[in-house]
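Dear colleague,

I am passing on the structure below and would be grateful if you could look through it when you have time. My notes on what was found in it follow directly after.

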Amino acid sequence: MAAGPASHGGLRRAQRPHLSKMERMVVSMQDPDQGVKMRSQRLLITVIPHAVTGNDIMEWLIHKYCITEEEALHLGTLLVRHGYLYPLRDPCHLELRLDETPYRFQTPYFWMSTLWPAAELDYAIYLAKKNIRKRGGLFDHEKEHYDQLHRKISHTWDLVVMQAREQLWAAKQRRKGDRLVIACQEQTYWLVNRPPPGVPSVLEQGPERNSCTAGRVQMPTGPFQTKTVDFYRREVECLRKALGRARVKSSVCLEAYLKFSSQRGPHDPIMSGCLPSNPWVTDNDTYWAMNAPSAAVPTRLRVEQWAFSFRELLEDPVGRAHFMDFLSKEFSAENLSFWEACEELRHGGQAQVPALVDAVYQQFLAPGAARWVNIDSRTMERTLVGLGRPHRHVLDDAQLHIYMLMKKDSYPRFLKSDLYKDLLAEAVVPPKTKRRVFPFMRKPRHSSPSPALLPASASREPSGGDGEA
Amino acid sequence: MAKEECKALLDALNKATACYHHLVLTIGGSADSQNLREELQKTRQKAQELAVAIRGRLTPPLRDRGLGAEERAEFERLWVAFSSCLDLLEADMRRALTLGTEFPLNKPLRPLVRTGVEGGAANVAARALSARSLRHEAERGFDVEDLHQLEREILQVGEMIHDMEMKVNVPRWTVQARQAAGAELLARPSAGVSSMRCVSVEQRMGPCDPSKALAATIFSAVLLAAVALAVCVAKLS
């Protein structure tokens, strides 16, 4: 709709600050004393003023902003690509040339921030006008657009034709020089907004950043909307929430980050390479087999990782099993079993919750139970009260207590124990595969069989097509 | 007939909108001046008067349930053209407001953009008002009051559009336009559209048009024949 974008104009302009910066630059170029030097363009009979050359623009940019030539060239090219300047000799190629090719400034009506996005009705009228002027001599992509538009807005096609004719008549009332300039301006605008195929479009934006701000303030403030009480109320609410957010000092954050990176650097398969070899490169999947969750003999890197934190140890099934062995030697294996039972409760099905709570109580918490865990009295009281109404989080306090106990007490002893040292010594370090001398003698690559086919029917597959059910 | 009147009014509104668009193009450029702002005001006021008149003429037949099918189709077609024209006008008015506030006249700190367009557009405005010529009578500081006036008028037009949508229900997808694709290439009987060749120097592609090439070859052939005849006559005598 032609009228739609104007109301969002304020918001859109705020989201594209590079356009307002470019516009300020263009306006400062117009200064009569300190602006760019202007020349005149002389056609056969008419003389049109206000032409600038590429060199003038470059010099002005270098002088005003004290930048290098390369930067000035880049800035100038941006101005041309966004349509704020257009070349007079070769209008289809929007680029800044550093010779005497003349350029001219675009009128503010056709600036990207005023008239964006380009409306379809306007484009249809422009194509109709071009059709009339060139007697059907449109470019191919323009012809395609024309047909598409005719299908889309065929109900207003009367208006398109009428407006096209009338606009050409209105243009005829001007002098020839003005008419030429205005035609060039419109052509440049449509070259920027509907670029021909193969030319990169400057209108493309990446994914929406700052999506919180995009969704937050929906009411654009313009000449037509006043700031109501609701608006201010919403602002106050938003800022109050922002004050209450927890913040971490960046020094603490960065230290932790550095420690994490230095500790894990050698363990990362991409940063430090993986032994024996990267399966994606050499088609050899020993690496995956050796690091499978239930591998019999863990690799050395894996065993070293258990020393980083207690959570790592518990998350690795092999590590957990060895830790359980260690605890049973120390006669405190019931702690780990209790912890595992609580995890099952938290993540299990809703229907099993009452039964499971009961089982856990009988086994671990009741006085005189078979595997009684040592919890302090306050937590025990709270848990017993909560057991009256069982839900999946009743044992959270007790679980946390036992977890901290293991972490502070058993875990350091585990790391210093002989069991762990033996594990480290026995852990296997796979050798790196030797690079083959003759690179063309690689293992032939087979495409993996389709998972839908059963292995028994794989042999029948080449004969017919009846392998698939 | 009501339809012919409506058609004539719609043509006039179309003309006024096109002229207004043409005038708004130059705001903020080197041709911007007090006169331009005055022309803009006169053109848009004329356009608004026409819009109100058309709306008054078109609304009763469309709200009349007892109208015949093809009469109704005809009126709906006019209605769709009218509302699209009004949308174009409103969009141009909004842009004129933003541009007018950004580029106030007579402020040395905000120079106008030197676009190369000079010369007045009095003829354009005169065409919109269907007058022979236009007299400029504005005082200094006209543009600032004009902006307030423009804001009010934009709100009025917005309300009018909203009102129109509420009162008359014309589904756009059922309306068939009379002009087909490429209809603009057919010459209009009244104006010499074909004689208009807006030659853009920068766009001269290739040597020339095929018709011009044909005329040139015929002319040169005739010339050669004449020269040959003259030589024969000279030899004989």
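Which residues does A:Glu100 touch, not counting residues up to four places away in sequence? With contact meaning heavy atoms within 4.5 Å, A:Glu100 touches A:Arg39, A:Thr53 and A:Asn55. A:Glu100 sits in the loop of chain A between β3 (85-87) and β4 (102-105), and although A:Glu100 and A:Thr53 are 47 residues apart in sequence, their C-alpha atoms are 5.4 Å apart in space.

Before going further, please note that this is a predicted model, in which local features need pLDDT of at least 70 and side-chain atom pairs count only at pLDDT 80 or more, while totals for chains, interfaces and linings use all residues. Residues are numbered from 1 along each chain as its sequence is written, chains are lettered from A and ligands numbered from 1 in the order in which they are written, and side-chain values use heavy atoms, with hydrogens and water left out.

On chain A, the secondary structure comprises 22 helices and four strands, where helices (H or I, at least four residues) and strands (E, at least two) are DSSP runs numbered from the N terminus. Of its 469 residues, 39% are buried, buried being under 20% relative accessible area, exposed over 50% and partly exposed in between (1.4 Å probe, protein chains only). The accessible surface of chain A is about 28400 Å², with 56% belonging to carbon and sulfur atoms; such areas come from the Shrake-Rupley method with a 1.4 Å probe, and for residues only the protein chains shown count as cover. Another loop residue, A:Thr299, lies between α14 (286-290) and α15 (300-305), and A:Thr299 counts as buried because its relative accessible area is 7%. Leaving aside residues up to four places away in sequence, A:Thr299 touches A:Met290, A:Asn291, A:Ala427 and A:Val428.

Chain B, by contrast, has six helices and zero strands, and 44% of its 237 residues count as buried. Among its contacts between residues at least 6 apart in sequence, 82% join residues at least 24 apart, whereas the corresponding share in chain A is 59%.

Two record annotations concern chain B; UniProt positions are given in the numbering used here, feature names are shortened, and annotations may be inferred rather than shown by experiment. An unreviewed UniProt entry places a "coiled-coil region" at residues 30-57, a span that is 86% helix and 0% strand in the model, with its end C-alpha atoms 41 Å apart. The unreviewed entry also gives a "transmembrane region" at residues 213-234, and there the chain is 100% helix and 0% strand, with 31 Å between the end C-alpha atoms.

In helix α6 (residues 210-236) of chain B we find B:Val227, which is partly exposed because its relative accessible area is 45%. Together with B:Phe219, B:Leu223 and B:Val231, B:Val227 makes a nonpolar surface patch of about 390 Å²; patches are made of residues with over 30% relative accessible area and no salt bridge, like charges being joined within 9 Å and nonpolar side chains (Val, Leu, Ile, Met, Phe, Trp, Tyr) within 5 Å.

Finally, the contact between the chains takes 74 residues from chain A and 76 residues from chain B. The area buried between them (the accessible area, 1.4 Å probe, that two parts lose on being put together, summed over both) is about 6900 Å², of which carbon and sulfur atoms give 61%. Two salt bridges are found across this interface, a salt bridge being a side-chain nitrogen of Lys or Arg within 4 Å of a carboxyl oxygen of Asp or Glu. B:Arg77 forms a salt bridge with A:Asp158, with the closest N and O atoms 2.3 Å apart.
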